[in-house]
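Let's take a walk through a protein model together. Keep the picture open while you read, and look up each spot as we come to it.

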Amino acid sequence: MEKKELEITVKGMDCAGCVRSVKSALEDMEGVDSAEVLLSSEKAYLKSNSSLPDLQSLKKRVEDIGYRVVDIQHDKSGDTQQAEDLAKKSFRLFGLVFGAILTVIVAGEWLGLFQTVTDYIPFWAGTLFVVAMGYPVFIQVIKAAINKRVTPHALMALGALAALAAGEWVTAAIVVFFMRTGDFIEGYTTEKARDSIRSLTNLAPKQATVIRDGKEQEVAVDDVQVGDTILVRPGGSIPVDGTVIEGTATIDQSPITGESMPVEVSDGSQVYASTIAQGGRILVKAEAIGRDSTFGKIIQMVEEAESKKGRVQRIADRFSAYYLPVVAGIALLTYLFSGDVMATVAVMVVACSCAFALATPVALLASIGSNAKRGLLIKGGKYIESLAKADVLLLDKTGTLTFGEPSIGEVIPLNGCSREELLKLAASAEFYSEHPLGKAIVTAARNEHLSLEKPQDFESLTGNGVRAKVQQGIITVGNERMVESTEDYENRIQQLKNRGDTIITVQKDNELIGLLTARDTERKSAGEAIDHIKKFGFSHIELLTGDNTETARDLAGRLGINYRAELLPEDKIGIVREFQSQGKVVVMVGDGVNDAPALAQADVGIAMGTTGTDVAIETADIILLRDDWSLIPKLFESVQKTMTVIRWNFGFTTAYNIAGLSLAAFGILPPILAAAAQSLPDIGIMANSSRLLKK
Ligand SMILES: Nc1ncnc2c1ncn2[C@@H]1O[C@H](COP(=O)(O)OP(=O)(O)OP(=O)(O)O)[C@@H](O)[C@H]1O
Ligand SMILES: [Zn+2]
């Protein structure tokens, strides 16, 4: 059946969350089969096999959730958009080729290689050529001027017009040609940096082999449903996130995690879209598809990172607003002193501020790209800039400095309770718990083959423990704060704590019936990484934990850092805010489990994202795609390198512009050469920034 398609331009989306809500709102509408929403282009593409909903209700649906629809076009899909882009590109290329030919001719004339050719072209034809080639820039400049903004090319455009006014159409044409070349280089440079990020996304397979009614069937990935059984052949790329239900294979996860060591999977293992199954045939039950898969989220994040580039661009525009008047002043002075129109034009032309505009974003994009390749996802260039200024580093304990998979050590029954009864009651209360300690207790009880009871009223007391009703009474499991008085057992508890154990109290109907101890395994690479991080100039490094003081002191002591313990999740945000109110730039490393709010509050939140933790991917600004502490010092190293590249970009451009301006003002540099010269810093910036892309 024929597919109907619609392109909607939606304004007001500024993050991946917005994209998701627009997408789901659109997909909920009758008639819409699928919706693809792109943050970077502010477009939504709808597909339908029957009839699409009417435009008014579509508009209303989007506006109801707080966004604006500014344009709707029929029969447009991502593909036609691409075709249009291509048409625009070829048009641009056409103008550039003509400009290049003209440049060669002028250069030839100058060098006396042949007679003047350009003299035979009438002025009106030349003017027409200038306008045709330069109109996109002229329109941009005029539009910006109407909005009281100055674009980097404003002065150059003015210079071209001044040259035309002076009857020098050849000069004007060459200025316009280099202006367009500059744009082209700029586009190419940013595109190239983005490509290295996008090369990731091209790995996503487009087809999947689904087993339906016992038959193998090739379908487009878009048509796979959650719950489908998918066959992955040896060497095949896995199309969805899901669980292995049959077979074994070795999975190369490097496309997502950057980790080159393959992992073994078998029944029950989790696998991720875009990873590659080597040596083995497996059946996978689909759980998350397309944009919902971990890989899809990464793509959304990359789009988000790109759209944040917009903010940097605006800063560059603001820079132009200061820089260009200065240049205009110099141009005016040149004219007043020398009366030389061409020298004045040369001044306006040589001092293109677009190199300044490029200096930062190109380097940031290159840095995001190279970091993505080694498993470090950075959600936007501004986080690199914040990291470079960071003073305070806060670290979460459970799941970050430790693996977050504690195991139960001692089981100490009190007040006449038996050991088995204690473990059984505690585990029953924790039956539904998502907390690592809760899971540890349940595991310990299962290991002893105790039969557990599903609790009735389960209540999770964040940062403290759980309370639940079982047949025998109300069971409370948690830290010491949960017990009114531990006086009778003070010595015993202190003894256990001094060993660095976490203490869990268990009460039945407000009477203490026992204690459990738990211990988590430290991530060995953390210590070395923190030693390395200390060299990056943090004024303060502190461990923040909900666990008891003794455990925290023990760990912090070994790492040589400060600590604060027995904190509730809201205390952690409070601490972040406290540092921020002192003007400090705060970096927080967490796992996104009980520290998500603090991660979000920090200037830069870094999450130890074991592949697939949704919370971490959403709240953190930087995500480690594999649990490897050594990535963090590498991140800081790359931040320093990026800032060095940016400083060079600026230094080089500034020196170049000062030299160019002086030569132009004294009439030494003719406008044509000035136009050619202004695009050189762009190339320099591209070359310098591409250093970041190398290993
Ligand atoms: N489900 C639970 N079962 C038992 N004790 C719990 C539970 N939830 C919390 N607690 C107690 O409350 C304390 C604080 O919990 P919280 O989840 O805030 O931090 P944490 O697990 O120690 O990790 P972090 O180092 O990330 O802060 C725990 O150390 C534990 O003593
Ligand atoms: Zn330029």
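Where is the place of E216? You'll find E216 in strand 6, which covers residues 215–220. (Strands here are DSSP runs of E with at least two residues, helices are runs of H or I with at least four, and both are numbered from the N terminus.)

Before going on, a word on the ground rules. This is a predicted model, where local features need pLDDT of at least 70 and side-chain atom pairs count only at pLDDT 80 or more, while totals for chains, interfaces and linings use all residues. Residues are numbered from 1 along each chain as its sequence is written, and chains are lettered from A and ligands numbered from 1 in the order in which they are written.

Back to E216. This residue counts as exposed because it has 9 C-beta neighbours inside 10 Å. (The scheme places C-beta atoms from the backbone and counts the others within 10 Å of a residue's own: 20 or more is buried, 12 or fewer is exposed, and in between is partly exposed.) Leaving out residues up to four places away in sequence, E216 touches T209, I211 and L231. Touching, or being in contact, means that two C-beta atoms, placed from the backbone, lie within 7 Å. E216 and I230 are 14 residues apart in sequence, and their C-alpha atoms are 8.8 Å apart in space.

Now zoom out. The protein has 23 helices and 26 strands, and 45% of its 695 residues count as buried. Take the contacts with a separation of 6 or more: 67% of them come from residues 24 or more positions apart.

Helix 4, residues 123–146, holds A145, and M133 is found in helix 4 too. From A145 to E528, 383 residues along the chain, the C-alpha atoms are separated by 55 Å. From M133 to E430, 297 residues along, the C-alpha separation is 71 Å.

Next, let's look at helices that pack together. Two packed helices are described by the angle between their axes and the distance between the axes. The axes are lines fitted to C-alpha atoms, for helices over the stretch in contact, and the angles run from 0 to 180 degrees between N-to-C directions.

Start with helix 10 (residues 354–373) and helix 23 (residues 680–689), whose axes come within 9 Å and cross at roughly 15 degrees. That makes helix 10 roughly parallel to helix 23. (Under 35 degrees counts as roughly parallel, over 145 as roughly antiparallel, 65 to 115 as roughly perpendicular, and the rest as oblique.) Helix 10 brings C354, A355, L358, A359, V362, A363 and A366 to the contact, and helix 23 brings P681, D682, I685, M686 and S689. Sorted by type, the residues of this contact are 10 nonpolar, 1 polar and 1 charged. (Nonpolar covers Ala, Val, Leu, Ile, Met, Phe, Trp, Tyr, Cys and Pro; charged covers Asp, Glu, Lys and Arg; the others, Gly among them, are polar.)

Helix 10 has another partner: its axis comes within 9 Å of that of helix 21 (residues 631–665), and the two cross at roughly 160 degrees. Helix 10 and helix 21 are therefore roughly antiparallel to each other. Among the residues making this contact are F356, T360 and L364 of helix 10 and L635, V645 and F650 of helix 21.

What about the ligand? Of the 24 residues around ligand 1, K397, T398, N479, T545 and G546 come nearest. (A residue is near a molecule if its C-beta atom, placed from the backbone, lies within 6 Å of it.) Helix 12 gives the most to this shell, with 3 residues. The shell around ligand 1 divides into 5 nonpolar, 14 polar and 5 charged residues.

One last stop is the loop between strand 20 and strand 21 (511–519), where N510 sits. N510 has a positive phi of about 65 degrees although it is not a glycine.
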